[in-house]
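Me: I have just opened this structure and would like to learn how to read it. Could you walk me through a few features, one at a time?

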Amino acid sequence: MDARAHRRDVGGATVSTKELRSRPIVAVHTGDGKGKTTAAVGMALRAWAQGWSVGVYQFVKSAKWRTGEQAAFAALGGDVTWEKMGTGWSWSRAHTATDPEGAAREGWGRIREGIAAQRHRFWLLDEFTYPLAWGWVEVDEVLEVLRERPGTQHVVITGRRCPQPIIDAADLVTDMVPVKHPFTQGQRGQAGIEW
């Protein structure tokens, strides 16, 4: 078979199929619909199945909360780090801790260092859009870290109201749009569905 059949023109450069399968991506799951974290955790599960180091860092969910996804990864074992860096659930900045902004900045600082050290092959920055949108973490700094990250580290960012520069820089963006949700009919969150 002709070797040229395994090469493609991408953005003016000729790259091999193997190179195309190894390119690190930045993905964003945003929008007002349900399923952003769920979809990202599905990607993390695929990364785990490849034997990759996986890091899940939750910026808003409280450390007191127990989720099915975290329990599943704990049962599976492997090289998985799951940290809750948040101070409590909020879409409106109503936090229970005294310094949620400081906690977000500290968490981002640890992630920034981890990306530089290539601590994980797959990073899930869950609900990271909130500290970005609120100005707690500088968007320009995050963009620089994402652009300059070494190796083949994939990064997935979730949350509502993702800043446009992050969307513009991402390779994959999904906007979760609510069509119908039982919460609008008064339903409360349920085990096995919401957690």
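Reply: Gladly! Let's begin with a term: buried means under 20% relative accessible area, exposed means over 50%, and partly exposed lies in between, using a 1.4 Å probe and protein chains only. Helices (H or I, at least four residues) and strands (E, at least two) are DSSP runs, numbered from the N terminus. This is a predicted model, where local features need pLDDT of at least 70 and side-chain atom pairs count only at pLDDT 80 or more, while totals for chains, interfaces and linings use all residues. Residues are numbered from 1 along each chain as its sequence is written, and side-chain values use heavy atoms, leaving out hydrogens and water.

Me: Which residues of E6 point one way, and which the other way?

Reply: In a regular strand the side chains alternate between the two faces of the sheet. Here, Phe122, Leu124 and Asp126 point one way from E6, with Trp123 and Leu125 pointing the other way, and all are buried. Strand E6 covers residues 122–126.

Me: What joins E6 to strand E7?

Reply: Two strands pair if DSSP finds at least two bridges between them. E6 and E7 (residues 154–158) run parallel and are joined by 4 bridges. Leu124 has Val156 as its bridge partner in E7, and Phe122 stands opposite His154.

Me: Which other strand is joined to E7?

Reply: Strand E3 (residues 26–30) runs parallel to E7, again with 4 bridges. His29 stands opposite Thr158 of E7.

Me: Are the faces of E7 covered or exposed?

Reply: Both are covered: His154, Val156 and Thr158 lie on one side, Val155 and Ile157 on the other, and all are buried.

Me: Where do I find positive phi values in residues other than glycine?

Reply: Look at two loop residues. Gln118, in the loop between helix H4 (100–116) and E6, has a positive phi of about 55°. Glu127 sits in the loop between E6 and helix H5 (129–133), and its phi is near 60°.

Me: Why does Glu127 count as buried, and why does Gln118 count as partly exposed?

Reply: Compare the values with the cut-offs. Glu127 counts as buried because its relative accessibility is 5%. Gln118 counts as partly exposed because its value is 41%.

Me: What about Glu148: where is its place?

Reply: Glu148 belongs to helix H6 (residues 139–148). Glu148 counts as exposed because its relative accessibility is 59%.
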